[in-house]
Amino acid sequence: MTFQDILKSSFLENLTTFSFLDAAMALFMAFAVGVFIHTVYKKTFSGVLYNDAFNTSLVLLTMLTTFVILAVTSNVVLSLGMVGALSIVRFRTAIKDPLDLVFLFWAIGVGIVLGAGLLPLALLGSFLIGLVLLLFVRGHGEHLSYLLLLHVSDESVEVETLGILKKETKKMSVKSKTVHPGEIELIYELQL
């Protein structure tokens, strides 16, 4: 028996042992846990600009990873091909917040665990990670920040607007001040 015969027989055996019910259950659980990750991200987001597309991609990333792991675990040949195919994929989006990276790893990790068939581990791990995030990360509902861009003509107008902003905001900080001839550009971060 050659190595090629082993791969062919493994391929045929694993195709007959594939369970549609197990795959459907894993993908459904990936969707459910992905929605939980989506909710935790939305409640704990504390940046300036919330991106719903990124949050939705967390649900899809959980399901996609589960789908890939289900395929890879069913066949040795397919797993080698998948490693080759995935080695050319590059993630080019800049991650600005370290917590976003945590959510990406969480979604990928849950997908791997669910694809491997470890449903209790995925549920327990996701519950504990979600609980830690909810306890330690402040949510955007309480501390929603806004950026205010002002163009004023001189320093007296700057002082006047600063007085108004101090009275009307809960928290305020100057992020940038650029002085041009006849104009001052100010960028404030505000919490109302």
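**View A. Salt bridge between Glu-189 and Lys-175.** In this predicted model, the side chains of Glu-189 and Lys-175 form a salt bridge with an N to O distance of 3.1 Å. The pair links distant parts of the chain, with Glu-189 placed in strand S3 (residues 183–191) and Lys-175 in strand S2, 14 residues apart. Glu-189 has a relative accessible area of 19%. Because the limit for buried is under 20%, Glu-189 counts as buried. The structure holds 2 salt bridges; the pair Lys-177 and Glu-158 is shown in the next view.

**View B. Salt bridge between Lys-177 and Glu-158.** The closest N and O atoms of Lys-177 and Glu-158 are 3.1 Å apart. Lys-177 is partly exposed, at a relative accessible area of 45%, whereas Glu-158 is buried, at 12%.

**View C. The largest nonpolar core.** This core has 19 residues. Ile-37, Leu-58, Phe-103 and Trp-106 are the residues with the most contacts inside the core. Two or more core residues come from each of helix H2 (20–44), helix H3 (52–73), helix H5 (98–115) and helix H6. Helix H5 gives the largest share, 7 residues. In soluble globular proteins, nonpolar side chains tend to be buried together.

**View D. Surroundings of Leu-58.** Neighbours within four places in sequence are left aside here. Leu-58 is then in contact with Ile-37, Tyr-41, Phe-103, Leu-104 and Ala-107. Of these, Ile-37 and Phe-103 are, like Leu-58, among the residues with the most contacts inside the largest nonpolar core.

**View E. A separate nonpolar core.** Another core, of 7 residues, lies apart from the largest one. Its members include Leu-150, Leu-165, Ile-184 and Tyr-188.

**View F. Nonpolar surface patch.** Leu-124, Phe-127, Leu-128, Leu-131, Val-132, Leu-135 and Phe-136 form a nonpolar patch on the surface. Together these residues have about 750 Å² of accessible area. One of them, Leu-131, lies in helix H6 (residues 119–136). The relative accessible area of Leu-131 is 37%, and this residue is partly exposed.

Definitions and conventions: Residues are numbered from 1 along each chain as its sequence is written. This is a predicted model: local features need pLDDT of at least 70, side-chain atom pairs count only at pLDDT 80 or more; totals for chains, interfaces and linings use all residues. Side-chain values use heavy atoms; hydrogens and water are left out. Patches are made of residues with over 30% relative accessible area and no salt bridge: like charges are joined within 9 Å, nonpolar side chains (Val, Leu, Ile, Met, Phe, Trp, Tyr) within 5 Å. Accessible areas come from the Shrake-Rupley method with a 1.4 Å probe; for residues, only the protein chains shown count as cover. A salt bridge is a side-chain nitrogen of Lys or Arg within 4 Å of a carboxyl oxygen of Asp or Glu. Helices (H or I, at least four residues) and strands (E, at least two) are DSSP runs, numbered from the N terminus. Buried means under 20% relative accessible area, exposed over 50%, partly exposed in between (1.4 Å probe, protein chains only). A nonpolar core is a set of buried Ala, Val, Leu, Ile, Met, Phe, Trp, Tyr and Cys residues joined through side-chain atoms within 4.5 Å. Contact means heavy atoms within 4.5 Å.
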